[in-house]
Amino acid sequence: MLLAYQSLGVVYGDLSISPLYVFKSTFAEDIRHSETNEEIFGVLSFVFWTLTLVPLLKYVFIVLRADDNGEGGTFALYSLICRHVKVSLLPNRQVADEALSTYKLEHPPEKNHDSCVKRYLEKHKWLHTALLLLVLLGTCMVIGDGLLTPAISVFSAVSGLEMNMSKEHHQYAVIPITCFILVCLFALQHFGTHRVGFVFAPIVLTWLLCISGIGLYNIIQWNPHVYKALSPKYMFMFLRKTRVSGWMSLGGILLCITGAEAMFADLGHFNYAAIQIAFTFLVYPALILAYMGQAAYLSQHHNSAHAIGFYISVPKCVHWPVLVIAILASVVGSQAIISGTFSIINQSQSLGCFPRVKVIHTSDKIHGQIYIPEINWMLMVLCIAVTIGFRDVKHLGNASGLAVMAVMLVTTCLMSLVIVLCWHKPPILALLFLLFFGSIELLYFSASLTKFREGAWLPILLSLFFMIIMFVWHYTTIKKYEFDLQNKVSLEWLLALGPSLGISRVPGIGLVFTDLTSGIPANFSRFVTNLPAFHRVLVFVCVKSVPVPFVPAAERYLVGRVGPVDHRSYRCIVRYGYRDVHQDVDSFETELVTKLGDFIRYDWHKRRTQEDDDMARSNESSSSESRLAVIGTVAYEIEENLQPESVSIGFTTVESMEDVIEMAPPTTTVRRVRFAVEEEESYEEEEEELRSELRDLVAAQEAGTAFILGHSHVKAKQGSSVMKRLAVNFGYNFLRRNCRGPDVALKVPPVSLLEVGMVYVV
């Protein structure tokens, strides 16, 4: 119940303020309120059934169950699909990623069950790109909603001033006040939601009680029989009378479900039961009462001096308190969608679909509360520009409505795939889901498209702009990875480097960052060619994203050797989920050295227990590049093959326990190895080889760490199409020059940075 109460302020702020502008936007132009009340009752019937079928039936009872380890949203559905079907376009995928505890398949398929939909998707590569574009479309529409929702919410709340001033004064007061509130809202984002979050839930709760109380008063006072309008027959009567104009007015009615997507997107902050209880027993009844109350009032007032809207149905004695609460509720609703925009851009960036931006985590205790300065100020400028440019609820509603329905259509399409591919239900059920909810949403979407010249062009333009940016960035990132893969250097080349070639080893740790999970990157060979020296301890670091929301800290580091023991070269793969918080450079460096020390002890103990020395040397030489180990503190089972091996190594004196998952090449088994690590006092009895390697690691850490990163310039190869040359030579390089560099994203101190220039021809 406590979570349900807290979810009011985060999840339902946007949805709860929709009564401010639904009737006003619906009756703005296409239809008129007549004496027969067929229009107002028809709109009420549409609102009731839309709220019942989409937020209640679709989201609360179906979509919320499709969570990805408790997380929701567009990327959660895409992540689920990618784990069950090989459609992911993410580079550097590994078999080891499937061993993650968060990679679990809650509904594993039967051995003999292989869906024809799955086979078709995996066979046709163009469908992989189409699926990614669909996800990017939903993401771009969420970003568009992030600038439109604050504008229409605050503007609608402030427009209540028109009841207390003349029209001449009203038009000069509402816009400046709205812009001032919006500037304050965006300026306060860097403090984080958690600093004012404790007041959000009471504000939304007060607002819901307020609108439901006013609605109940209007029903009793003006038309107790308004409940009859909930019958579906009033929808048909409405369409029969209004015809085309009634269909076009659906673009205003659909605003009653704006914010419904937030129930799914914010699932990770709460849980399924909390969101279900809050909506079913409080938000849904309050909204229905609010709309019924407005309809009851309007059914008895046909010649009002003011335009149809929320505030004309508010009793005069409570007008000012309601106005204040409405403005506060609109700010809360805007805050929720702005935070959601930050979150989805961070997810896009993690999956290589968005240029690097600065992500600031505003809370050490509450996961997922972030602030992105560049996006924040861009949203503020666009939001104010839209408010000043449109100046009325009609145009803002048309723009917001199209963005809302586009996101819901994307969710419906992805959800139908989840039903077949992840839940392993018959395809007919997925088809019925797609046809039923898709037809409802397409009806509203088509009505929104008719308003293209009256505001609906804005989300289309914004989504096109952001989709071009995201697709160009993702496409070129994949091409860069393919170039690295084709130009990587063999292990023999690295081992051949030595004093005979004029190559020297200098004190310290060299961290060579690369996207490759095997082989020696070309930027390191270029570095050694121009500067014939490298560090005494060399670590090839790959920071990669995996299609899961979180990677447990105990499973984050995948460590192995590169070359023989005396070469002091290692490979470390650091894995993050799309909602994970990336470590700062100080804690990363310290933890990396700790994991290397743990791996050295593990590797020494493993070699010590080999019964056959020749076998040990053979393993050391043949699998030194491919053998990787997950060093952690939590034990878990892995079954990669039908007959996994289990190896247990124990000691009588145990001070601390470590778990290691040894990842061999895909053709071999994955072995779970549990071993003990003794304290440093016992090192006197250990082999000199182990002590020497650990001393070298400590000495290298004391000498300092250098971060070796590639500084890339990308250009299209000769013979490429005009579109590819424009996208790569101009689009990608422009974005790369004007966004955060990898050193800023990794928070590398400039004094420790070594950049290696690389030209990628893709």
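Author: Start with a pair of helices. Helix α4 and helix α17 (residues 427-449) pack at an angle of about 135 degrees, and their axes are 12 Å apart. The model is a predicted one: local features need pLDDT of at least 70, side-chain atom pairs count only at pLDDT 80 or more, and totals for chains, interfaces and linings use all residues. Residues are numbered from 1 along each chain as its sequence is written, and side-chain values use heavy atoms, with hydrogens and water left out.

Reader: What makes α4 oblique to α17?

Author: The angle of about 135 degrees. Angles under 35 degrees count as roughly parallel, over 145 as roughly antiparallel, 65 to 115 as roughly perpendicular and the rest as oblique. The value falls in the rest, so α4 is oblique to α17. Axes here are lines fitted to C-alpha atoms, for helices over the stretch in contact, and angles run from 0 to 180 degrees between N-to-C directions.

Reader: Which hand does the crossing of α4 and α17 have?

Author: The crossing of α4 and α17 is left-handed. That word applies if the near helix is turned anticlockwise from the far one by less than a right angle; clockwise is right-handed.

Reader: Which residues make the contact of α4 with α17?

Author: From α4 come Phe-46, Thr-50, Leu-53, Val-54, Leu-57 and Lys-58. From α17 come Phe-433, Phe-436, Phe-437, Ile-440, Glu-441 and Tyr-444. Contact means heavy atoms within 4.5 Å. By class, there are nine nonpolar, one polar and two charged residues in the contact of α4 with α17. Ala, Val, Leu, Ile, Met, Phe, Trp, Tyr, Cys and Pro count as nonpolar, Asp, Glu, Lys and Arg as charged, and the others, Gly among them, as polar.

Reader: What about helix α16?

Author: The 29 residues of α16 (residues 393-421) should span 42 Å, and its end C-alpha atoms are 42 Å apart, which agrees.

Reader: Why is α16 called largely enclosed?

Author: Because 26 of its 29 residues are buried. Buried means under 20% relative accessible area, exposed over 50%, partly exposed in between (1.4 Å probe, protein chains only). Helix α4 is mostly covered, with 19 of its 24 residues buried. Over the chain, buried residues make up 57% of the 762 residues.

Reader: Why does Ser-752 count as buried?

Author: Its relative accessibility is 17%, so Ser-752 counts as buried. Ser-752 sits in the loop between α25 (742-745) and β12 (753-761). Leaving aside neighbours within four places in sequence, Ser-752 is in contact with Thr-705, Ala-706 and Phe-707.

Reader: Is His-424 buried or partly exposed?

Author: Partly exposed, because His-424 has a relative accessible area of 23%. His-424 lies in the loop between α16 and α17.

Reader: What makes α7 oblique to α18?

Author: Helix α7 (residues 125-158) and helix α18 (residues 457-486) pack at an angle of about 130 degrees, with axes 8 Å apart. That angle makes α7 oblique to α18. The contact of α7 with α18 has 16 nonpolar, five polar and no charged residues. The crossing of α7 and α18 is right-handed.

Reader: How many helices and strands does the chain have?

Author: The chain has 25 helices and twelve strands.

Definitions and conventions. Helix = DSSP H or I, 4+ residues; strand = E, 2+ residues; numbered from the N terminus. Expected span 1.5 Å × (residues − 1).
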